Amino acid sequence: MQNSKNISVLTLGCPKNVVDSEKLIGALTANGFNVVDNIDKSETCIVNTCGFIKPAVEENLKVLLEVMNLKIQGKLQKVIVAGCLVERFKEILREEFNEVDLFVGVESLEQVVRYLKSDAQLKSQLLGERQLLTPKHYAYLKISEGCNRECAFCAIPNIRGRLRSFPIPNLVEEAKSLACKGVRELIIVSQDTSSYGIDIYGEPKLLQLLRELVAIPEISWIRIMYLYPAGIPDGLIDYVAEEPKICNYFDIPIQHISDSVLKSMLRGNSKKNIVNLIENIRAKVPNAYIRSTLIVGYPTETEKDFEELIQFLNDYELERVGVFTYSCEDGTYAFNFGDPIPEETKNYRLQEILKVQSKISLRKNKELVGKELKVLIDDKNNGLYICRTEFDAPEVDNLVYLKADPDVSIGEFVNVEILKAKTYDLLARLK
Ligand code: SF4
């Protein structure tokens, strides 16, 4: 294949996958390939997949079928499939999609470049050559790969392997390079951010990493995602309270609150510990927003467990909540429990949580009316700027809509006054 050929990269799944694609695109570009954002303008398509729960698998297979159709119609010459889905179902995929030219798992993205550039040495390794897929003012910083936990419902450790933290100097170098390219908000991602460093330094090193990242002058916001609740490093909450660059935002996936469900999920946690953690955050960082994710319909979840979860949400009013229905995954510990809760019950529970949460969200949003907030402008659409506060991660949280003004631009931080509250979003004007 000639270097002049155009390559498109479709990225499915979570921000960790986005980072993998960004590194792959960087390496492809450094090796003379032209990466285009339109599949119709490409001769080769690389699909970077996700496959950690059934709905994601189904969605990914749908995309794969569409891409294979383009190949069958002669509109694509080569199709490469990479990522989690391949890691998990390589043999089945090989049988079902035999027209795919190359399958590669999560650890072998550089194989893609080697395969396409078989005639010459690689000019560049994957690390450090990222081409951002996000707007250029924010970027994900993936601080580790894999996970050492054994949550009963989760297939990720099987797919992504055990925890492998990236050394602090490498991450600081990567963050500096992102800052030089215009990044102002760094979003720390991993499978288990609380455990960062344990594998290579023998103890958690998240705080030390953060201290080095906040020293990068161009970085204004650092947002920490995926804090495993049972292992939040000592001192982290105090550090968030005292360091203005760290967003007052705690993303802590608790999954459930009932002790019996938590035990069955092998979360190594209890309701008492979770409540203490939330109270500790509220006491030390009074204006912090807490985000969490929940699973409803776990095999051992009773009606009483579910009611306890609803009560907990009403009592502790987490600002941001994502909720998923339980997906029974082959290869996980909980697979042995079967999937006894009917889908209608799971969906009913999910809707009930959304109802409770929408009331909490509206009430919290109304409290912001008349207040001044700093926002980061992400985009512009239909005469409105689309912005986020420090309490909102991209893609998953709320938005602030700001009437367009010629004096501001995308990627800028501005102060706004909140004029109006909707359930999940806010309307603002420049202050
Ligand atoms: S912490 Fe638990 S849920 Fe998260 S990736 Fe690890 S095993 Fe899965």
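Please keep in mind throughout that this is a predicted model. Begin by selecting Glu317, which comes just after helix H12 and takes a positive phi of about 45 degrees.

Which residues of H12 are buried? Colour Asp305, Phe306, Leu309, Phe312 and Leu313, for these are the buried ones. They cover an arc of only 115 degrees around the axis, which means that they lie on the same side of H12. An α-helix has 3.6 residues a turn, so residues three or four places apart point the same way. Turn to the other side of H12, where Glu303, Lys304, Glu307, Gln311, Asn314 and Asp315 are exposed.

Next, show what covers the buried residues of H12, which includes helices H10 (259–264) and H13 (343–367) as well as strands E12 (289–296) and E13 (320–325).

Move on to the ligand and select the residues around it, among them Cys147, Arg149, Gln191, Asp192 and Tyr228. The shell around the ligand divides into 6 nonpolar, 1 polar and 2 charged residues.

Finish in the largest nonpolar core, which has 116 residues, with Val112 and Leu141 among those that have the most contacts inside it. Helix H1 (residues 15–30) gives the largest share of this core, 6 residues. Centre the view on Val112, whose contacts include Leu24, Ile46 and Ile80.

Methods
Residues are numbered from 1 along each chain as its sequence is written. This is a predicted model: local features need pLDDT of at least 70, side-chain atom pairs count only at pLDDT 80 or more; totals for chains, interfaces and linings use all residues. A residue is buried if 20 or more other C-beta atoms lie within 10 Å of its own, exposed if 12 or fewer, and partly exposed in between; C-beta atoms are placed from the backbone. Helices (H or I, at least four residues) and strands (E, at least two) are DSSP runs, numbered from the N terminus. The arc is that of the directions from the helix axis to the C-beta atoms. Two residues are in contact if their C-beta atoms, placed from the backbone, lie within 7 Å. A residue is near a molecule or strand if its C-beta atom, placed from the backbone, lies within 6 Å of it. Ala, Val, Leu, Ile, Met, Phe, Trp, Tyr, Cys and Pro count as nonpolar, Asp, Glu, Lys and Arg as charged, and the others, Gly among them, as polar. A nonpolar core is a set of buried Ala, Val, Leu, Ile, Met, Phe, Trp, Tyr and Cys residues joined through C-beta atoms within 7 Å.
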